[in-house]
Amino acid sequence: MGNQEKEAVLVVLTSLQGKENTAYWDEFLELVKAADMEVVMHAKQHMKTVNSATYIGSGKVKEIKEMLESTAVDVVLIDHVLTPLQSRNLEKAWNRPIMDRNALILELFETRAVTAEAKLQIEAAKLNALLPKLVGSTSYLGRQSGGRNKGAGEKQLELDRRVIKRRIGEVRNELKRLEKQRAVRAAKRQRNDLPIVALIGYTNAGKSTIMNQLLDRFQKKAAKQVLEKDMLFATLDTSVRRIALDAHRQFLLIDTVGFVSDLPHELIEAFHSTLEQIKEADLLLQIVDGANPHYREQMQVTSDTLQKLGVENIAMLTVFNKADRLQEKHPRCLREDRVMLCAKAEKDIDFLCDLISKRLYPLHQKWKLKIPYDDALLAQLRKQGILSEIHYLDDAMLVEIDADAERMRKWEAYLA
Ligand SMILES: Nc1nc2c(ncn2[C@@H]2O[C@H](COP(=O)(O)OP(=O)(O)OP(=O)(O)O)[C@@H](O)[C@H]2O)c(=O)[nH]1
Ligand SMILES: [Mg+2]
């Protein structure tokens, strides 16, 4: 199989006890697409119970075997998580590598990872997932190295296991080294003493879009934008950028990897150190795709994942995004800590900044000052970037500024 060619896959979509699981299936197919695989066939099975040996029923196993005889298929995907025994049995029956939902997400992360750290984290997750499966099966390593591992016996298996364990050790050491580097960077940030705001939420909700909009709006120098894309798991690395609302109101904004239902625990573990950064945040911005009919379930997944990560007691603002896709109009403010907006509308971004600022700098307010025309204060305020409005009166200028009470004290004489 050439590198350019997409892997041809047969997708098995299942449902238990007559529940048509279309949302789950759609999401699974989106994951397949994001992993850059091509669905050449699919099979559906409605099951009453789970078959402990093969997950799906034996009749379906046979039927799919016949399907596989007539078409070139590289891998069979199953929309659920299988036990090692189930995937071994299916692999034997179909003579094809099997990927369950976990394996697919790992594969997708692997194709998407850019930084050394993300790559290593995924490698660790994949190797860990591989070990328990490595009993009487050889196609996993074969597939990983790009070819088929024919005729490999028990000896080979033992060898494989040793190779994998050694590699896991190496990867862990390298990750530890990178983590230390990050700790140093984090310590430097702390010395800057800027508050930290973290964007979190379900994949494809618009986290990276919001980060880019804020960069566009508030970074005078062209800041490096992050990738935003209509695809599951566009972001796999956390990025940190500094946002300066003005000279005195700055914060660090972190964009993070999105969550998905049943995120494989190997991945949560592997990404733990990256996601740890969420714990340092002073404010969480939970971004929700408000136009997704399943936004409630997605919010539930987010709060479950946060709980698994041990993130608690951090103030959270929930942003229902993509308001432009809704039929009805909604007010921006739904509740004190819930807002609805469109990340692509400049006014909405201003509104969001205002909210963030009120949370981070609660003592900050707008003040009106009266400044004579020949006074140097205006230039000073301009330089600090806290000037928001000027009106030119006959005898003086009436200006509006953003500042906290502490700083206002020295300008008290100017208060209008
Ligand atoms: N219509 C509309 N589309 C939006 C809005 N915000 C983001 N999008 C689109 O939604 C898609 C996903 O946006 P991203 O910012 O990449 O989402 P993300 O939350 O970072 O996703 P992951 O990195 O995969 O977790 C992109 O195609 C965006 O252009 C919005 O307010 N309205
Ligand atoms: Mg993103």
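**Ground rules**

I number residues from 1 along each chain as its sequence is written, and I letter chains from A and number ligands from 1 in the order in which they are written. The model is predicted, so I read local features at pLDDT of at least 70 and side-chain atom pairs only at pLDDT 80 or more, while totals for chains, interfaces and linings use all residues.

**Overall layout**

I began with the whole chain. Its C-alpha trace spans about 90 × 50 × 40 Å along the principal axes. I find 14 helices and 14 strands; these are DSSP runs numbered from the N terminus, H or I of at least four residues for helices and E of at least two for strands. Of the 416 residues, 33% count as buried. For burial I take 20 or more other C-beta atoms within 10 Å of a residue's own, with 12 or fewer for exposed, partly exposed in between, and C-beta atoms placed from the backbone.

I then looked at contacts, meaning C-beta atoms, placed from the backbone, within 7 Å. Among those with a separation of 6 or more, 68% join residues 24 or more positions apart.

The domain assignment gives domain 1 (7–158), domain 2 (194–360) and domain 3 (364–414). Such bounds come from an automatic or database assignment. The C-alpha centres of domain 1 and domain 3 lie 64 Å apart.

**The four-stranded sheet**

Next I traced an open sheet of 4 strands. Its order is β2-β1-β3-β4, with parallel pairing. β2 (37–47) and β4 are the edge strands with a single partner each, so one side of each has no neighbour in the sheet. I count strands as paired if DSSP finds at least two bridges between them. β1 (residues 7–16) and β2 are joined by 10 bridges in the parallel sense. V12 has A43 in β2 as its bridge partner.

**Helix α4**

I checked the length of α4 (residues 101–112). Its 12 residues should span 16 Å at 1.5 Å a residue, and the end C-alpha atoms are 17 Å apart, which agrees. The expected span is 1.5 Å times one less than the number of residues.

Why do I call α4 largely enclosed by the rest of the structure? Because 9 of its 12 residues are buried. They are R101, A103, L104, I105, L106, E107, L108, F109 and R112. They pack against α1 (22–34), β3 (75–78), β4 (98–99), α5 (116–130) and α9 (265–270).

**Helix α3 and N95**

In α3 (residues 84–94) I find Q86, S87, R88 and L90 buried. The buried residues of α3 pack against α2 (58–70) and β4. N95 follows α3 and sits in the loop between α3 and β4. Its phi is near 55°, a positive value in a residue other than glycine. N95 is exposed, with 11 other C-beta atoms within 10 Å.

**Strand β7 and its partners**

I moved on to β7 (residues 249–255). It is mostly covered, with 5 of its 7 residues buried. β5 (residues 196–200) runs parallel to β7 and is joined to it by 4 bridges. V197 stands opposite L253 in β7. β6 (residues 239–246) runs antiparallel to β7, with 7 bridges. I243 has F251 as its bridge partner in β7. β6 and β7 form a hairpin with 2 residues between them.

**N204**

Is N204 buried or exposed? It counts as buried, with 25 C-beta neighbours inside 10 Å. N204 lies in the loop between β5 and α8. Its phi is positive, about 75°, although N204 is not a glycine.

**Ligand 1**

Which residues come nearest to ligand 1? I list G206, S208, D230, T235 and G258, out of 23 around it. A residue is near if its C-beta atom, placed from the backbone, lies within 6 Å. Helix α8 (residues 207–218) gives the largest share of the shell, 3 residues. By class I get 7 nonpolar, 8 polar and 8 charged residues. Nonpolar covers Ala, Val, Leu, Ile, Met, Phe, Trp, Tyr, Cys and Pro; charged covers Asp, Glu, Lys and Arg; the others, Gly among them, are polar.

**Y295**

Last I looked up Y295, in helix α11 (residues 295–309). It has 17 C-beta neighbours inside 10 Å and counts as partly exposed. Leaving out residues up to four places away in sequence, Y295 touches V288, D289 and G290. Y295 and E69 are 226 residues apart in sequence and 40 Å apart in space, C-alpha to C-alpha.

Methods. Contact = placed C-beta atoms within 7 Å.
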